[in-house]
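Please open the model in your viewer and keep the selection tool handy.

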Amino acid sequence: MLIIPSCMTSAYQSTGLIGSHHSQSASLPVWRRGTYKNNHSDETLETALSNQMGGFLYRTSVFDKDELNTITSELSACAKRLVPETASSIAHHRMGTALPKTSPTVQILRDGSLSRLVKRVVGRDYKLCEELPIEVRTYEKVGASMAWHVDDVLYDSPQVEVIWTLENTSNCRTMWKQDGNVRAVETDPNAVVLLRAGGPLHCVTSLKWGRRVILKCAYASKEATFSKGLHTNQFDLQLPKKKRRRKR
Ligand SMILES: [Fe+2]
């Protein structure tokens, strides 16, 4: 069982960021689905990614209705293309696929609401990482999870990793460590997690029920240089297994 100091629990409660305790781990602080108040100013967000939240930022209501309709319809059509993720030391039992660069969803990631949020929070010169695949990842097999890890730094100014949730009816929790304490959130549909590569230790707990569908991508400064050879596409079955490596 994970315990946090009572003063921290009080801080979460006072800002409305903590919901009722989960029956299986009564003392674990969790932002339950639908309980997070999206009331941070952009000034707060500016500092949140670097320090206040241990390099981990959670924001709800990311895309507008039109963007959401486009993404939902494209990702629903992707269901037939999902393949099991290749062997990985940290991810288990996930399915997924990469979106083509011409995809309407990728276009929205380039210049839509999420891109504008990243520019406000991280820096105006940040853009979608075209060198990395834009992936749909699904957690629906029992045991689907991601072990504790730190995301690989793939750019010489570390990229910001993005996990946006399309659907979540699962028990999965995204957890991260901040100042020696464990935090957790059950990600809402249309909510995003931003975290700096090389930054906070994080994981996704094992699925027991339901389904969780996310989009994974990254943004980096226009000035940043991509480190070739460190990243491979985990859903590309053509790649030799021994070259595969993934901590994102
Ligand atoms: Fe990660």
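Predicted model: local features only at pLDDT ≥ 70, side-chain atom pairs only at ≥ 80, totals over all residues.

**Stop 1: Arg 81.** Select Arg 81, in the loop between H3 and strand S3 (83-84). Is it buried, partly exposed or exposed? Arg 81 has 13 C-beta neighbours inside 10 Å, so it counts as partly exposed.

**Stop 2: the whole chain.** Zoom out and colour by secondary structure. Of the 248 residues in the chain, 36% count as buried. Taking the contacts with a separation of 6 or more, 79% are between residues 24 or more positions apart.

**Stop 3: H3 and H4.** Select helix H3 (residues 65-77) together with helix H4 (residues 104-111). Their axes are 9 Å apart, and the helices pack at an angle of about 140 degrees. The crossing of H3 past H4 is left-handed. To see the contact itself, show Glu 67, Thr 70, Ile 71, Glu 74 and Leu 75 on H3, which meet Pro 104, Thr 105 and Ile 108 on H4. By type, the residues of this contact are four nonpolar, two polar and two charged.

**Stop 4: the buried side of H4.** Stay with H4 and pick out Thr 105, Ile 108 and Leu 109, which are buried. They cover an arc of only 100 degrees around the axis, so they sit on the same side of H4. What covers them? Among the elements over the buried residues of H4 are H3, H5, strand S5 (95-99), strand S6 (126-128), strand S7 (134-139) and S14.

**Stop 5: H5.** Move on to helix H5 (residues 113-121), where Leu 114, Leu 117, Val 118 and Val 121 are buried. Look down the axis of H5: its buried residues fall within an arc of 100 degrees, and therefore line one face of the helix.

Stop 6: In soluble globular proteins, nonpolar side chains tend to be buried together. Here the largest nonpolar core has 46 residues, and the members touching the most others are Val 162, Cys 217 and Tyr 219. Strand S14 (residues 212-221) gives the largest share of this core, seven residues. Centre on Cys 217: leaving out residues up to four places away in sequence, it touches Leu 109, Leu 128, Cys 129, Leu 132, Ile 134 and Val 162. Then look for a second, separate core of seven residues, including Tyr 139, Ala 144, Met 146 and Leu 207.

**Stop 7: Glu 131.** Select Glu 131 in the loop between S6 and S7. Glu 131 is partly exposed, since 14 other C-beta atoms lie within 10 Å. Its C-alpha atom is 9.6 Å from that of Ala 218, 87 residues away along the chain.

Stop 8: Most residues other than glycine have a negative phi. Which values do you find at His 93 and Asp 179? Phi of His 93 is near 60 degrees, and phi of Asp 179 is near 50 degrees. His 93 is in the loop between strand S4 (91-92) and S5, and is partly exposed, with 16 other C-beta atoms within 10 Å. Asp 179 lies in the loop between strand S10 (174-178) and strand S11 (181-185). With 7 other C-beta atoms within 10 Å, Asp 179 is exposed.

Methods
Residues numbered from 1 in each chain as written. Core = buried A, V, L, I, M, F, W, Y, C linked by C-beta atoms within 7 Å. Buried ≥ 20, exposed ≤ 12 C-beta atoms within 10 Å, placed from the backbone. Helix = DSSP H or I, 4+ residues; strand = E, 2+ residues; numbered from the N terminus. Contact = placed C-beta atoms within 7 Å. Arc of directions from axis to C-beta. Axes fitted to C-alpha atoms, helices over the stretch in contact; angles between N-to-C directions. Left-handed = near helix turned anticlockwise from the far one by under 90°. Nonpolar A, V, L, I, M, F, W, Y, C, P; charged D, E, K, R; others polar.
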